Amino acid sequence: MQDLRINEQRLWDTLMEMGDIGGTEKGGCNRLAGTDLDKQARDLFVSWCKACGCTIDVDKIGNIFARRAGTNNDLPAVGTGSHLDTQPTGGKFDGVFGVLSGVEVLRTLHENNIETPTAMEFSVWTNEEGSRFQPAMQGSGTYVGRFDLETELNKTDVNGIRLGDELERIGYLGEMELGSRHMGAFFEAHIEQGPILEDEEKAIGIVRLGQGIRWYNIEVVGRPSHSGTTPMHLRKDAMLVASAIVTEMNAIALRHENGLGTVGFMQVWPNSRNTIPGNVKFSADLRNPKPDVLLTMHEELVTFCKEIALNHGVEVNVDPFWYFAPVEFNASDDVKAATEKLGYSHMDIYAGAGHDACYMADLVPTGMIFTPCLNGISHNEAEYSSPEECAAGANVLLHAMLEASERIAKEHQK
C-alpha cells in the first residue's frame, strides 16, 4: 500500500471531460443544479462508478452514493465526495475535483484488485453552490437534518421552478431515506479557493476548522429630503448611517484574528441624485473559525448599530437570519498521516468557505484536504489547479481513506 498512487493523467483527463459539460468560452463551467447539464454530469459519474462495480443509490434530495464493497460490509463505510454543480461563471475544479478525485481513488482500488477492510462510498451532493436554489450546501444540509426535506424540495429558482420537480425531471429524485448511509468517516478533497497554500509553497492543506458564518439583513430607516435645502445638522441620512456600519464591519474584522467582514449587497431608496436617502437595505457577512470570537464580533456589530441609530435619530433594524457554526474536523489526523507518509509539504489551515464536509461533520468524523489553486482564484472561469497539484490531493485522499478503513476495522475488533 505504501507505494500505491493514483493515475495523474487519468485524473486530469477525467477533470477535463467533466469540464466540457457546461463548458464556457473562457474555459470555465456553467452547470447549475437540476439542469440538463447537471443530469449529464451525474449520469457520467454514475457510469464511471458502475464500471468499477459500484452499487448506486439516490436519496430523497438527489444526493448520489456509489458503494464499493469491502471485506466486512457490516462495518461503517469510509466516504468521500463533493459536488458537480457550479457557479454561473464557475471553474472546472471547485467541487468537481472532490468528486473526481474520489472516482480516481475508486479506479485505483479497482484496477489493483485491492479489498479494503470496510466498504468505500463515493458521493455527489445536490446543489452545494446555492446558485440556482438557496441555500448553499442544500443536499448535504438536508441529509444531516439541518434543513427540512419538503421545505427544500419546494424551493424555487428565479423562474419559479421547484427543485423537487427538476430533480424528478432529470431522474435524480430518489427514494432512499436521508441520513441512512452507514459511514464511519468522511473526507472531501477541494481546491483551497484562496491564496494561502500557494503563498506558503505547500502542496497540501490539512483542514482543521471550518469557518463560522453569521449573515444579516440590515435596514436603516431615515428620512428622505431635498439635498439642497436640508441643513446637515437636520438630516436623517440613511446612507450616511449605512456607510458607517459598513466601515465598522471592516473594523470589527480587523480587530479579531482571522476575522472577515463583508457587505456585498445594497438597495437605496429613493435612489435619486438630489434626494437624501431615506431607506437603505444591505447584507452583512461576518466570519471567524472560532465560535467565541464570532459571537464577540456579532455582539460588537449589534451594539454599534444600536448606538449609531440613537446618535443619528434613525432606525436600524438588524435581522441575524442565518448562523453556520464553526466546524472542527475530527478526521484530520488521518489526512495528516497520509500526507506525511507520502512526503508532501503541508500546513494546517481552516476552510474559509462552506463545504459539504462541514455538514457531514455533524454525523461522522470528517476530514478535508486542500490543494493550491492559481492566485487563489475560485468561483471564476480562470480557476486552475495543476495536474501535479490535483494528483497530490487525490493521493492524500486515497491514503487517508485507507488509513480510516484500517482504523475502523481495528476499532471494531476490540
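# A tour of the helices and loops

Helix 1 and helix 12 are roughly perpendicular to each other. Angles of 65 to 115 degrees get that label; under 35 is roughly parallel, over 145 is roughly antiparallel, and the rest are oblique. This is a predicted model, in which local features need pLDDT of at least 70, side-chain atom pairs count only at pLDDT 80 or more, and totals for chains, interfaces and linings use all residues. Residues are numbered from 1 along each chain as its sequence is written, and side-chain values use heavy atoms, with hydrogens and water left out.

**Stop 1: helix 1 on helix 12**

Select helix 1 (residues 8–19) together with helix 12. Their axes cross at roughly 105° and come within 9 Å. Helices here are DSSP runs (H or I, at least four residues), strands are runs of E (at least two), and both are numbered from the N terminus. Axes are lines fitted to C-alpha atoms, for helices over the stretch in contact, and angles run from 0 to 180 degrees between N-to-C directions.

Now show the side chains. Helix 1 brings Glu8, Leu11, Trp12 and Leu15. Helix 12 answers with Pro387, Glu388, Cys390, Ala391 and Ala394. Contact means heavy atoms within 4.5 Å. These residues divide into seven nonpolar, no polar and two charged. Nonpolar covers Ala, Val, Leu, Ile, Met, Phe, Trp, Tyr, Cys and Pro; charged covers Asp, Glu, Lys and Arg; the others, Gly among them, are polar.

**Stop 2: helix 3 on helix 12**

Helix 3 and helix 12 cross in a right-handed way. A crossing is right-handed if the near helix is turned clockwise from the far one by less than a right angle, and left-handed if anticlockwise.

Phe97, Ser101, Gly102, Val105, Thr108 and Leu109 come from helix 3. Cys390, Gly393, Ala394, Leu397, Leu398, Met401 and Leu402 come from helix 12. How many residues of this contact are charged? There are none: nine are nonpolar and four are polar.

**Stop 3: alanine 404**

Stay on helix 12 and pick alanine 404. Is alanine 404 buried or exposed? It is buried, with a relative accessible area of 0%. Buried means under 20% relative accessible area, exposed means over 50%, and partly exposed lies in between (1.4 Å probe, protein chains only). Leaving aside neighbours within four places in sequence, alanine 404 touches Val78, Ala185, Phe187 and Asp334.

**Stop 4**

**Stop 5: histidine 355**

Move on to the loop between strand 15 and helix 11 (356–360), and select histidine 355. Its relative accessible area is 1%, so histidine 355 is buried. Beyond neighbours within four places in sequence, histidine 355 contacts Glu128, Met137, Glu188, His190, Gln193, Met368 and Phe370.

**Stop 6**

Start with Gln193, in the loop between strand 5 and helix 7 (196–200). Its phi is near 70°, a positive value in a residue other than glycine. Histidine 379 also has a positive phi, of about 55°, and is not a glycine. Find histidine 379 between strand 16 and helix 12. It is partly exposed, at 39% relative accessible area.

Next, look for cis peptide bonds. One joins glutamine 134 and proline 135, with omega about 10°. Another runs from tryptophan 269 to proline 270, with omega near 5°. Proline 270 lies in the loop between strand 10 (266–269) and strand 11 (275–276).

**Last stop: helix 8 and helix 9**

Select helix 8 (residues 238–255) and helix 9 (residues 291–312). They pack at about 155°, with axes 10 Å apart. That makes helix 8 roughly antiparallel to helix 9. The crossing is right-handed. The contact includes Leu240 and Ile252 from helix 8, and Phe304 and Ile308 from helix 9. Its residues divide into twelve nonpolar, one polar and three charged.
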